[in-house]
Amino acid sequence: MAEKIQERYEDSDLYRIRHSTAHVMAQAVLEMFPEAKYTIGPPIENGFYYDFDLPRPLTPDDLKALEKRMRQVLAGRHVFQKKVISADEARQVFAQQPYKLELIAGLEQGGFDEYGNPLKEKPDISIYSHDKFVDLCRGPHVENTGQINPAAVKLMSVAGAYWRGDEKNAMLQRIYGTAWRTPKELEEYLWQLEEAKKRDHRRLGKELGLFHFSDDVGPGLPLFTPKGEMLRHLMETYVRDLQTRYGYSHVWTGHLVKEDLYKRSGHYDNYVDSMFPPMVDENITFRLKPMNCPSHMTLYKEMGRHSYRELPMRFGEFATLYRYEKTGELTGLTRVRALTQDDCHIFCTEDQIQQEFTLALKLIQEVLERYRFIDYKVRLSLRGEGGKYVQDDEKWAKAETALRASLDANNVEYFEASGEAAFYGPKADFLARDVLGREWQLSTIQVDFIQPARLGLIYIAEDGAEHTPVVLHRAVTGTTERFMGVIIEHFAGAFPVWLAPQQVMIIPIADRHLEYSGQVAEKLKAAGLRVEVDGRTERMNSKIRDAQKQKIPYMLVIGDQEAEAGQVALRLRSGDNPGAMSLADFISLAQKDIQQGN
RNA sequence: GCCCUCAUAGCUCAGUCGGUAGAGCGCGUUCUUGGUAAGAACGAGGUCAUGGGUUCGAAUCCCAUUGAGGGCUCCA
């Protein structure tokens with residue numbers, strides 16, 4: 001099949017429309033605030049933004065006024081004109097604009113490509129002007145403002161943003177906008193946003209009664225209802241059983257750890273800001289456990305001297321960890337302070353890395369498929385320039401080589417990203433796309449040559465000498481909490497039968513059917529199904545509606561006919577109505593769905 | 001942490017110019033015993049997030065605190 005040639009976003013007319021709309025918006029803002037300092041305003045996915053330094057905060061009314069002014073400008077059919085100028089000329093044009101002057105100085109040093117790597121050639125400095133507005137800009141733009149449909153443009157929101165993303169810099173005001181070719185495209189985009197809102201796991205979590213947050217307990221600390229805990233249990237049991245099948249064993253290492261251990265492992269230096277404050281007891285300082293590796297490695301040591309014959313050893317744990325995330329970064333279940341990792345540490349020899357990587361990969365692939373994440377890619381996360389990485393070039397090189405070889409041996413396609421590694425080693429991260437096209441980092445496999453040596457792990461090799469094992473860190477779903485948030489949105493709350501906290505709702509039509517309904521429920525429970533009877537004095541229609549809203553896969557309606565014939569009348573949440581069938585038939589139907597992962 | 005927005009009944013939200021609170025859903029009671037997405041009536045339920053201030057008077061205006069949401073390097 002021919003490879004579909006995809007136009008680069010940067011070359012598309014949408015890109016030019018958005019870039020040009022950003023300029024028009026900047027013009028409107030400068031007209032409103034002549035003393036405003038303007039900075040940068042690039043097109044982004046689905047729109048554009050522009051950052052300003054303004055004398056006062058913007059209000060929603062300001063956005064309306066700006067939009068109105070932008071429409072007037074667009075109607076003017078002003079031509080965008082490019083001019084290449086010298087740095088000195090640019091400095092004159094933007095004499096009153098400190099941020100632009102900083103950009104000009106940067107351009108003189110040489111430019112950067114879109115990944116932030118320095119360019120070899122010095123870029124031209126160019127300005128684009130339209131109407132009475134001039135901006136330092138490399139383009140490209142539409143020919144004139146008439147090519148932008150005023151009815152396909154909308155300003156979305158105001159947000160704070162640091163100059164160059166650095167919290168040490170001044171806080172600017174960022175206006176987000178969106179622009180499309182046609183009003184219809186804009187409508188569709190806005191509709192998509194609405195749909196995404198309906199799937200929001202925070203909203204569905206409440207509607208389906210899965211979890212809550214409470215001011216009394218604290219921020220980022222979710223509370224799970226009986227249904228929510230059932231979901232957790234199902235998720236974790238699934239992975240646990242699978243791990244057992246793949247030859248992993250499970251350990252338990254508690255919630256508190258002496259701080260000293262983290263000083264030795266290197267976590268203290270790299271991670272202390274993300275740990276909860278210490279608990280001091282006389283001479284001992286404890287920390288809430290923010291990760292498992294040091295505990296698992298310590299357990300490995302305490303279990304005695306290990307022969308190479310015992311390796312690989314695979315320690316899995318569903319461990320609840322506590323991380324002190326900044327309050328501004330907490331969001332629903334996707335970013336919490338109490339998180340349960342399906343963590344695993346594999347102690348092996350260097351020769352075993354590839355086989356262990358392959359095993360972990362197979363497991364991850366099976367799990368992602370089970371959860372219907374069909375579209376995912378793999379990122380090879382390497383260390384970057386900064387100082388947070390443990391300095392040991394030889395070990396890093398070794399780890400990186402081993403990871404690449406493993407990826408290649410399994411024919412895994414991957415892309416590289418520098419600066420994304422853990423402080424102790426490179427990672428293969430699995431980024432899955434959900435049904436709304438959003439990307440989530442879920443699984444990870446990491447190669448660690450550093451910590452085992454730091455913590456003094458050894459095994460006795462064939463040669464009778466002590467060697468340091470390699471540790472692979474591996475997570476499949478990542479954390480139970482975040483993964484739950486992701487799958488709630490992925491499935492829009494309609495979990496596959498095997499995962500649904502409640503699989504069956506029995507709906508008796510009248511009180512006289514309660515007894516038979518109870519009997520049916522007992523039989524279904526005995527067959528391993530999660531079932532409830534809706535015995536309220538409500539009409540059947542109302543019970544169906546409620547079960548439907550709860551997205552329960554099977555509704556079994558029971559009236560005179562069913563009670564007499566010893567049957568159940570099946571209705572599905574899809575609205576399909578297979579009708580009356582024997583209990584045995586229903587059970588085998590349900591079990592088949594469960595087995596097939598439906 | 002920083003910027004902006006928000007906080008009214010269990011949930012979703014009204015509440016005008018400052019004059020001490022409303023709806024729908026849910027919940028309770030009663031009637032209704034029904035055939036594939038809402039049967040009816042009545043009733044209970046709120047220190048308007050917390051603490052200050054302005055005012056004759058604050059859900060409403062101001063300040064602080066707490067919590068939630070949208071953002072915080074896709075470098076002109």
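## Elements at the RNA surface

In this predicted model, eight elements each supply at least two residues of the surface near RNA strand B: helix H4 (98-109), strand E5 (125-130), strand E7 (153-162), strand E8 (171-179), helix H6 (201-207), helix H16 (540-549), helix H17 (560-565) and strand E27 (567-572). Helix H16 gives the most, with 6 residues.

By residue class, the surface near RNA strand B divides into 25 nonpolar, 14 polar and 18 charged residues.

Of the atoms of RNA strand B that come within 4 Å of the protein, sugar and phosphate account for 50%.

## Aromatic pairs

The structure holds 22 aromatic pairs. One of them joins Tyr371 and Phe483 in an edge-to-face arrangement, with 4.6 Å from centre to centre and 80° between the planes. Tyr371 lies in the loop between helix H11 (353-370) and strand E17 (376-382), while Phe483 is in helix H14 (residues 480-490), so this pair ties together parts that are 112 residues apart in sequence. Tyr371 is buried, with a relative accessible area of 0%, and Phe483 is likewise buried, also at 0%.

The rings of Tyr554 and Phe586 have centres 5.1 Å apart and planes at 90°, so they too form an edge-to-face pair. Distant parts of the chain are linked here: Tyr554 belongs to strand E26 (residues 554-558) and Phe586 to helix H18 (residues 583-596), 32 residues apart. Both Tyr554 and Phe586 are buried.

## Ring cluster and charges over rings

Tyr371 and Phe483 also belong to a cluster, in which ring pairs link them with Tyr238, Phe373 and Trp498.

Two lysines lie over ring faces. Lys263 is over the face of Tyr268, at 4.9 Å from the ring centre. Lys377 is over the face of Phe415, at 5.4 Å from the ring centre.

Notes. Residues are numbered from 1 along each chain as its sequence is written. Chains are lettered from A and ligands numbered from 1 in the order in which they are written. This is a predicted model: local features need pLDDT of at least 70, side-chain atom pairs count only at pLDDT 80 or more; totals for chains, interfaces and linings use all residues. Side-chain values use heavy atoms; hydrogens and water are left out. A residue is near a molecule or strand if one of its heavy atoms lies within 4 Å of it. Helices (H or I, at least four residues) and strands (E, at least two) are DSSP runs, numbered from the N terminus. Ala, Val, Leu, Ile, Met, Phe, Trp, Tyr, Cys and Pro count as nonpolar, Asp, Glu, Lys and Arg as charged, and the others, Gly among them, as polar. Rings of Phe, Tyr and Trp (its six-membered ring) pair if their centres lie within 6.5 Å; planes under 30 degrees apart count as stacked, over 60 as edge-to-face and the rest as tilted. Buried means under 20% relative accessible area, exposed over 50%, partly exposed in between (1.4 Å probe, protein chains only). A charge sits over a ring if NZ of Lys or CZ of Arg is within 6 Å of the ring centre and within 35 degrees of the ring normal.
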